[in-house]
Amino acid sequence: MKTKKRSVLVAWSGGLDSTFVLLYHLRQKDLKVASYAVIHSQVVANEEHQEARFAIQRYLKKKEGLKWVHRDIVLGEEESFGIEDTNYQYLSMQAILWTMVGSLILEPDQDLMFGYIQKDRIWHKIGSLIRLFRALQEAQGKKGIVVFPAEWWTKTDIFSGLDEELISLCWHCEYPIKGWACHTCEKCKDIDKEFKAYVEYCQRT
Ligand SMILES: [Zn+2]
């Protein structure tokens, strides 16, 4: 008897980390992979991330023949749910929205995969995130699980797992200026620094 392929839904923004996680799953032949993204004013750089996703889809299809179903879930681009908090003790609205949407659209046989890495500011509230996911699964009579496969990964792991062109296609800036990365926001500074360190690391080894 042929066993049924395992099925995963990847939360994919089009940034480096979630692209790595998506690619990792796409390359496993025994897996059925789908992805989704959330479009909302509290999820940053919607347009740029969306364009990055299109470009990455085209690139991976051409380069590796990888194809999968992706859905953009539009929650509204002007609305704001509560306060956009940046305070460390709270869970960011972005993480809440990605979790809620992921749990709601998850097929009964799918597991949800997140691309959060070691440095992301969600681990102090991971219990709340998982409880939120489970409550919505239960409410729908579903038994999916949420997995954080990149929990212990660093940016160096991410850079070394993606080729140069793919790195250039991924989007990371939170406050782009006319479609260009600002190089001054936290995400830009972090990526610029990490990339420089990675290049130095490559030159040494
Ligand atoms: Zn930026």
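1. A word on the model first. It is a predicted model, in which local features need pLDDT of at least 70 and side-chain atom pairs count only at pLDDT 80 or more, while totals for chains, interfaces and linings use all residues. Residues are numbered from 1 along each chain as its sequence is written.

2. Start with the sheet. Five strands form an open sheet in the order S3-S2-S1-S4-S5, with parallel pairing. Here strands (E, at least two residues) and helices (H or I, at least four) are DSSP runs, numbered from the N terminus, and two strands pair if DSSP finds at least two bridges between them. S3 and strand S5 (146–147) are at the edges with a single partner strand each, so one side of each has no neighbour in the sheet.

3. Helix H1 packs on this sheet, where H1 touches S1, S2 and S4. The direction of H1 makes about 165° with that of S1. Such angles run from 0 to 180 degrees between N-to-C directions, and axes are lines fitted to C-alpha atoms, for helices over the stretch in contact.

4. Now follow the pairs of strands. S1 (residues 6–11) is joined to S2 by six bridges, and Val-8 faces Val-33 in S2. S1 also pairs with S4 (residues 110–113), over four bridges; there Leu-9 stands opposite Leu-112.

5. S2 (residues 31–40) pairs with S3 (residues 69–76) over seven bridges, in the parallel sense. Within S3, Val-74 is the residue opposite Ile-39. S4 and S5 are paired over two bridges, and Met-113 has Val-147 as its bridge partner in S5.

6. The chain goes from S4 through H4 to S5 in a right-handed β-α-β crossover; right-handed applies if, with the strands pointing away from the viewer, the path from the first strand over the helix to the second runs clockwise. S1, helix H1 (residues 16–26) and S2 make a right-handed β-α-β unit, and S2, helix H2 (residues 46–64) and S3 make a right-handed one too.

7. Finally, look at two helices. The axes of H3 (residues 93–105) and H4 (residues 126–139) come within 9 Å and cross at roughly 25°. H3 and H4 are therefore roughly parallel to each other (angles under 35 degrees count as roughly parallel). Their contact involves Ala-95, Ile-96, Thr-99, Met-100, Ser-103 and Leu-104 from H3, and Leu-129, Leu-132, Phe-133, Leu-136 and Gln-137 from H4; residues are in contact if their C-beta atoms, placed from the backbone, lie within 7 Å. Eight of these residues are nonpolar, three polar and none charged (Ala, Val, Leu, Ile, Met, Phe, Trp, Tyr, Cys and Pro count as nonpolar, Asp, Glu, Lys and Arg as charged, and the others, Gly among them, as polar).

Note on methods:
Parallel < 35°, antiparallel > 145°, perpendicular 65-115°, else oblique. Contact = placed C-beta atoms within 7 Å.
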